[in-house]
Amino acid sequence: LLESRFIGEIDETQMLDNAAAGMVAGLGDRWSYYIPAAEYDAYMEQMENAYVGIGITISTEDVEEGFKVLQVEPGSGAVEAGILPGDLLVAVEGQRVTELGMDTARSMIRGDEGTQVNITVCRGEEELTYPVTRKLIQVAVATGEMLPDNIGLVTIANFDARCAEETIAAIDQLLEAGAQALIFDVRNNPGGYKDELVQILDYLLPEGPLFRSISYTGKETVDESDADCLEMPMAVLVNEDSYSAAEFFAAALQEYGWAKVVGTPTTGKGYFQSTFD
């Protein structure tokens with residue numbers, strides 16, 4: 001009917017995307033959503049904490065001439081080319097970013113691993129153009145910092161890929177440096193994979209149940225911790241944007257009497273999703 005009677009042009013991909021999104025939205029569940037094919041790669045990059053690019057973080061604030069480079073990832077193509085924090089990104093492949101806009105400029109910078117893109121930056125009064133190689137960039141998931149009084153701070157960005165590996169490594173480094181207490185910061189942490197969460201809790205907590213889940217079929221699964229644990233004063237920082245695995249992390253440490261939870265009430269997400277391609 002639409003194809004035969006609609007007076008305008010029909011974008012079939014957009015129509016079907018909206019139909020699928022509408023069916024999922026019709027469930028009335030805030031945690032279920034449809035991902036269009038055009039956004040799927042970006043979604044997977046987020047879940048894997050990795051992307052192919054040149055390794056720069058740019059400011060989203062509007063600047064007349066371009067976009068300010070806030071950060072350059074170590075080991076990235078941008079570092080090797082000579083791009084520095086504070087540079088102003090003004091052109092991609094000779095096209096001014098003020099004309100391209102943020103989204104188009106970002107998509108032009110992205111590409112296949114091992115390929116090159118020409119980036120022009122303004123440094124002081126001079127414009128410099130660099131051929132930059134696109135590489136696989138792994139985003140840091142967990143970082144450690146020693147605070148005064150030998151208190152170690154572990155900041156966990158999410159519980160997606162590599163979270164357990166990087167969190168445990170950060171804890172071990174702080175312990176070697178003489179940490180006598182630990183603070184875990186999971187504020188603004190959107191959660192992630194249950195398996196990553198369970199590995200960290202198993203490392204920290206004594207023997208006992210860690211995570212109890214019930215599937216859509218009604219099957220109950222309980223993840224258990226072994227007797228090895230880390231005994232020292234701990235606290236967990238949370239806020240209203242601590243979701244899902246971040247909330248379970250804080251709750252498990254609190255319920256074992258292993259850590260104090262400090263902050264504001266969390267989101268309250270007791271469900272986890274599965275992704276179907």
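Glu93 sits in the loop between β4 (88-92) and β5 (95-96) of this predicted model. Helices (H or I, at least four residues) and strands (E, at least two) are DSSP runs, numbered from the N terminus. Glu93 is not a glycine, yet its phi is positive, at about 50°. Most residues other than glycine have a negative phi. Glu93 is partly exposed, with a relative accessible area of 38%. Buried means under 20% relative accessible area, exposed over 50%, and partly exposed in between (1.4 Å probe, protein chains only).

Asn49 also has a positive phi, near 50°. This residue lies in the loop between α3 (37-48) and β1 (50-53). Asn49 is buried, with a relative accessible area of 6%.

The model is predicted, and local features need pLDDT of at least 70, side-chain atom pairs count only at pLDDT 80 or more, and totals for chains, interfaces and linings use all residues. Residues are numbered from 1 along each chain as its sequence is written, and side-chain values use heavy atoms, with hydrogens and water left out.

The largest nonpolar core has 34 residues. Such a core is a set of buried Ala, Val, Leu, Ile, Met, Phe, Trp, Tyr and Cys residues joined through side-chain atoms within 4.5 Å. Phe159, Phe184, Leu204, Met234, Val236, Phe249 and Leu253 have the most contacts inside it. Elements giving two or more residues to this core include β10 (151-156), β11 (181-185), β12 (208-214) and β14 (234-238). Helices α7 (163-176), α8 (194-204) and α9 (245-255) do likewise. α9 gives the most, with six residues.

Phe184 touches Val154, Ile156, Ile171, Leu204, Met234, Ala235, Val236, Leu237, Phe249 and Leu253, not counting residues up to four places away in sequence. Contact means heavy atoms within 4.5 Å. Another core, of 21 residues, lies apart from the largest one. Among its members are Ile83, Val97, Ile109 and Tyr130.

The axes of α7 and α8 come within 8 Å and cross at roughly 25°. Axes are lines fitted to C-alpha atoms, for helices over the stretch in contact, and angles run from 0 to 180 degrees between N-to-C directions. α7 is therefore roughly parallel to α8; angles under 35 degrees count as roughly parallel, over 145 as roughly antiparallel, 65 to 115 as roughly perpendicular and the rest as oblique. Residues of α7 including Ile168, Ile171 and Leu175 meet a set in α8 that includes Ile200, Tyr203 and Leu204.

At the start of α2, a side-chain oxygen of Asp11 reaches to within 3.2 Å of the backbone nitrogen of Thr13.

Methods: A polar contact is a pair of N or O atoms within 3.5 Å; within protein, one must be able to donate a hydrogen and the other to accept it, and residues adjacent in sequence count only if both atoms are side-chain atoms.
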